[in-house]
Amino acid sequence: MSQILVDIFLFNPEKPLIFTRFFFWGFYFVVLLIYSGIYKQRAVRNAFLFAVSIFFYWKTSGLFFLILIFSTASDFYLGNLIHSSKKRGWKKFGVIMSVFVNLFMLSYFKYTYLFVDTVNSLFLLDIEVVNHMALWSNRLAGTHFDVSMILLPVGISFFTFQTISYTVDVYRGKVDPVKHILDFGFYVSFFPQLVAGPIVRASEFIPQLYKRYSLSYQEFGFALFLILKGLFKKLFIGDYIALNLVDRVFANPTGYSGFENLTALFGYSLQVYVDFSGYTDIAIGVALLLGFRLPKNFNSPYKATSVGNFWKRWHISLSSWLKDYLYIPLGGNRKGRIMTDVNLMITMLLGGLWHGASWQFLVWGGLNGVGLVVYKLWKRISPYEKSKHWAVRFWKIFNTFLFITFTRIWFRSESMDKANQLIHQVVHEFHTSIIPEVFWSYRLVFGVMALGYFTHWVPERWKQNLLNGFIRSPLWAKVIITVLVIFAIYQSWSSDLQPFIYFQF
């Protein structure tokens, strides 16, 4: 009995609380059970969901939940300072402090190693990273943390951007500050989207804190459909491709032919989509059952007809955040073509750095920036830009998909050397003669990839008809479909559960 309680309440880094573990769904069932008795009492409801969200983050990240508490408290009081101050100088001080504190915290945990390595390389130094927070804790509280390592708190990139948007929007007068710190804590830490988004704006979510619970039968069907779709995408497609092809090839590109490297690259392009969009599908569905609406984060991104169109369809909450809080404040397109291109490049480079503290992510962000700039130029001179012909549209989608997939080389590779090795294998060691053998050896993987890409590229009306059919179906049919989907997922289940890719960001 004591071991069961330990497993339930203590943090285990080997078993974080994520959507793909049975423990999460047990946790969620208990939350729904208690929630069904208190959902009509708004204050109690919000406080309860804040408490279970903190517990969720504790089970996901351990003592890093203190960072979340600190971020919540600091931005709550800074938001009140910004709103209540009569002098503009104090308002500016409040928003500057909020941005500084959040970016300092994010930089400390995420970019210290990149900064130290860069300084060491440039100036031939041998500076070692010291985790000063762990050092202070060891001295003051007698803990025994490793002071030579700085671990990255799960989801820190998401909740810091979320709280920055709150204080900036309060400063701009777009949203009034939250009156109670527990309500604000609930907004920041809401567990369905806490660790991997979507990034929720205060103006979108905070008004929901004060509304009565509502969930129609149609919304229930939509939420259940999203949860099943997300689990199917992540576990049946994404994890299977990762374990049986992608991870093996990217770990050792020179051990495989150029053709295998190329198929792994296209496999990863599918994997990263079904993994991340699968997470947000589940998050939106789980939140909706609790009565809260999260924004759409993906819109068939591989149907994009240009790089610009792709970034309006992929990770929409981050793309819009970067536009509103970075690109536009930099000047946007208001200062001529050259500065517009410069602002785009800065935004995409920093967007790349947001994803990870390595040169690979800067290259990836830079390539996407170049893609945006080149497309803007091409759009002005292309005679086919306004054509509605199906062949022109197909060509645009095909080229955009190839370019985005090409940039994934640096997004996925563990180092610049591994990225260079993959490119070398594709260019110089393609080995056309073994293609039939590779197809046969990986026939199941390619079959799953074909299923994944087919379901992505089918006409939108097909998907909408499937969704509408599920929503309108009777409850007994929903139960049968749920059981069949779970059975299909179980057949592909691996004992080596893959964490969601965007957890690392």
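1. Two residues are in contact when heavy atoms of theirs lie within 4.5 Å. With that in hand, take Trp 359. Set aside residues up to four places away in sequence, and Trp 359 touches Leu 114, Thr 118 and Met 416. Keep in mind that this is a predicted model.

2. Stay with Trp 359. This tryptophan lies in helix α15, which covers residues 359-381. Its relative accessible area is 48%, so Trp 359 is partly exposed; the exposed class needs over 50%. Now look across to Gln 208. Trp 359 and Gln 208 are 151 residues apart along the chain, and their C-alpha atoms are separated by 40 Å.

3. Next, the whole chain. The secondary structure comes to 21 helices and zero strands. The radius of gyration is 24 Å, close to the 23 Å that the globule rule gives for 505 residues, so the chain is as compact as a globular protein of that length. Along the principal axes, the C-alpha trace spans about 65 × 65 × 50 Å.

4. How much of the chain is buried? Buried residues make up 51% of the 505. The contacts tell a related story. Of those with a separation of 6 or more, 75% join residues 24 or more positions apart.

5. The surface and the charges come next. The chain exposes about 24,900 Å², and carbon and sulfur atoms supply 68% of that area. There are 47 positive and 26 negative charges, and their mean positions are 14 Å apart.

6. Leave aside neighbours within four places in sequence. Ile 227 is then in contact with Trp 25, Asp 281, Ile 282, Gly 285, Val 286 and Leu 289. Thr 482 is 255 residues from Ile 227 in sequence, yet the two are 9.9 Å apart in space, C-alpha to C-alpha.

7. Is Thr 263 buried or exposed? Thr 263 counts as buried, at 10% relative accessibility. This threonine is found in helix α11, residues 258-289. Its side chain reaches the backbone oxygen of Glu 260 at 2.8 Å. Beyond neighbours within four places in sequence, Thr 263 is in contact with Leu 245, Phe 446 and Met 449.

8. The place of Arg 201 is between α8 (181-189) and α9 (202-209). At 13% relative accessibility, this arginine counts as buried. Which residues does Arg 201 touch, not counting those up to four places away in sequence? They are Ser 165, Tyr 187, Ser 320, Trp 321, Asp 324 and Tyr 325.

9. Finally, check the backbone. Most residues other than glycine have a negative phi. Ser 300 has a positive phi, near 45 degrees. This serine lies in the loop between α11 and α12 (307-310). Ser 300 counts as buried, at 7% relative accessibility.

10. His 431 also deserves a look. Its phi is positive, about 55 degrees, although the residue is not a glycine. His 431 lies in the loop between α17 (416-428) and α18 (435-441). At 42% relative accessibility, His 431 counts as partly exposed.

Notes. Residues are numbered from 1 along each chain as its sequence is written. This is a predicted model: local features need pLDDT of at least 70, side-chain atom pairs count only at pLDDT 80 or more; totals for chains, interfaces and linings use all residues. Side-chain values use heavy atoms; hydrogens and water are left out. Helices (H or I, at least four residues) and strands (E, at least two) are DSSP runs, numbered from the N terminus. The radius of gyration is taken over C-alpha atoms; the globule rule is 2.2 Å times the number of residues to the power 0.38. Buried means under 20% relative accessible area, exposed over 50%, partly exposed in between (1.4 Å probe, protein chains only). Accessible areas come from the Shrake-Rupley method with a 1.4 Å probe; for residues, only the protein chains shown count as cover. Lys and Arg count as positive and Asp and Glu as negative; His and the chain ends are not counted. The place of a charge is taken as NZ of Lys, CZ of Arg, CG of Asp or CD of Glu. A polar contact is a pair of N or O atoms within 3.5 Å; within protein, one must be able to donate a hydrogen and the other to accept it, and residues adjacent in sequence count only if both atoms are side-chain atoms.
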